[in-house]
Amino acid sequence: MKAYVVGSGPNGLAGAIELARNGVDVTVVEATARLGGGLGSAELTEPGLVHDLGAAFMPMAVASPFFRSLDLEALGVRFRDAPVALAHPLDDGTAGLLRQDLGATARGLGADGGTWRALFERFAESFPELLDDAMQPMMHMPRHPLLMARFGSIAAQSAARVSATFRTEQAQALFTGIAAHAFGALDKPFSAAVGVMLTAAAHAVGWPVVEGGAQVLADALVRHLVDLGGRVETRREVLSVRELDDADIVLLDTTPAAAAAMLGDAMPRRFRRAYGAYMHGPAAFKVDFAVDGDIPWTAEGVRDAGVVHVGGSAAEVSAAEARITSGASARQPFVLVGQQYVADPGRSRNGVNPVWAYAHVPYGSTVDATERIVRQVERFAPGFRDRVVATHTTAAIGLAAVNANYVGGDINTGATSFRQLIARPTAGRKPYRTGAPRTYLCSAATPPGPGIHGMSGMNAARAALAQL
Ligand SMILES: Cc1cc2nc3c(=O)[nH]c(=O)nc-3n(C[C@H](O)[C@H](O)[C@H](O)COP(=O)(O)OP(=O)(O)OC[C@H]3O[C@@H](n4cnc5c(N)ncnc54)[C@H](O)[C@@H]3O)c2cc1C
């Protein structure tokens, strides 16, 4: 049996591995020169400084059923955690700190420690069971119904409502920033879902980085695929599925729009309509910095953090997210700063550290957000600007130019709205089907959505094998 996988993102590679280990002869075809899609790293600023090109913090690469099915250690992949998973500095010189140790986090949050524990402890303790269900299409018989009912009762709320259960600015901001990873308005039902999942992940497995950079993980997946008999082709953009006529299975690690274009008339009208209605969300503007020494954060604990959420209070982060979702740009955007070198010092050279950052900006934005990002960091780390030795910027449209899946700079390959929680891109138990014979969508535009988990790829491969 023969298969092609179009696109070598983590989902494409996961789908290819799942097919290859079931005896299928697989070839992955990638448009660019580099394999890995949103999973990659390179020396972007100064020689020897390793920056992640896309994904950096990967709890699901430790915990998802696909990655748990691999012996990553034997493949040379090691994960590293910073002492503090996440810090959220505030204007008064304090910061909310999230550590993997839930008890330590709760103690640090003072008056809100009990509420934090009550909300997240059960999900952190049962994280593998939670993922068993959450990494599937929404429409399925839950394997852990009580746990899922409890998760659903909190995840269905707005992030603003969950945040309001806390009394301190620190806990409110901490949770709001995590929920903002979804890129969207935080007062809408279900906007708490990503925040609850990522907080549970932080306490269960941490928010680790890959030692040596994200490309190490992509390369390990490729090596494993080749060991299983798979092949890879780079610099070949597939424009039509007709180019792959000799295959029994085709997996598309692409956007729904690209899949529809590649399938043409082979796609039934019902699917074409659903794919045409698929919406993209807000975008990212990425800046990588080479920084002499540490960022001079004012608040204690922030220098020890892997991720720093820069955006001020919960109210301010919510307002910025509402603006960019409506298409307007925010003067003080929500910025995610990655200090991967804290967990993985081998990425630095001679005391100069690679810092990864991106701001949330509107879909398709052409605004240069570099100065806004620098000002936001400077606000909580006076003197930052003077320590920057070099910068490398990738605007929203630049992200789209490098990876066809990031339309308009949308790094989630589709809005994480309630509608697209249910129909990503179609509703039902097999959202991987394109309606065309032998062809399945396997990108982050299918459940469980964005992130480095490989589950869209594995689920699509299983759907294809089951149908055959
Ligand atoms: C700046 C940034 C930061 C991020 N941070 C994180 C993070 O910290 N943690 C996390 O979990 N996730 C993060 N993500 C998201 C994560 O990278 C994505 O969700 C994930 O990579 C999606 O995987 P995928 O396989 O669906 O697609 P992608 O990784 O987008 O890969 C798609 C691949 O398909 C190729 N392709 C597309 N069309 C064609 C075609 N017609 N022919 C041939 N090849 C084609 C593309 O070139 C690309 O290589 C981040 C992403 C970005 C950009």
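**Entry 1: a glutamine side chain.** I began at Gln-215, where a polar atom of the side chain lies 2.9 Å from the backbone oxygen of Leu-35. Gln-215 is found in helix α11, residues 214-227. I noted that helices (H or I, at least four residues) and strands (E, at least two) are DSSP runs, numbered from the N terminus.

A reminder to myself: this is a predicted model, so local features need pLDDT of at least 70 and side-chain atom pairs count only at pLDDT 80 or more, while totals for chains, interfaces and linings use all residues. Residues are numbered from 1 along each chain as its sequence is written, and side-chain values use heavy atoms, with hydrogens and water left out.

**Entry 2: its surroundings.** Is Gln-215 buried or exposed? I found it buried, with a relative accessible area of 11%; buried means under 20%, exposed over 50% and partly exposed in between (1.4 Å probe, protein chains only). Leaving out residues up to four places away in sequence, Gln-215 touches Arg-34, Leu-35, Leu-39, Gly-40 and Ser-41, where contact means heavy atoms within 4.5 Å.

**Entry 3: on to Leu-39.** Leu-39 lies in the loop between β2 (25-29) and β3 (41-42). Leu-39 is buried, with a relative accessible area of 0%. Beyond four places in sequence, Leu-39 touches residues including Pro-10, Met-58, Gln-215, Leu-221 and Ile-452.

**Entry 4: the two domains.** I then zoomed out. The chain is divided into domain 1 (2-38 + 212-278 + 414-467) and domain 2 (79-209 + 281-402), with bounds from an automatic or database domain assignment. Their C-alpha centres lie 28 Å apart, and 19 residues of domain 1 are in contact with 13 residues of domain 2.

The two domains bury about 1300 Å² between them, 68% of it on carbon and sulfur atoms; buried area is the accessible area (1.4 Å probe) that two parts lose on being put together, summed over both. I counted 3 residue pairs in polar contact between the domains, both residues at pLDDT 80 or more. On the side of domain 1 that touches domain 2, α19 (418-422) and α20 (455-467) are the elements that give two or more residues. The largest share, 3 residues, comes from α19.

Technical notes: Polar contact = N/O pair within 3.5 Å; in protein donor to acceptor, adjacent residues only side chain to side chain.
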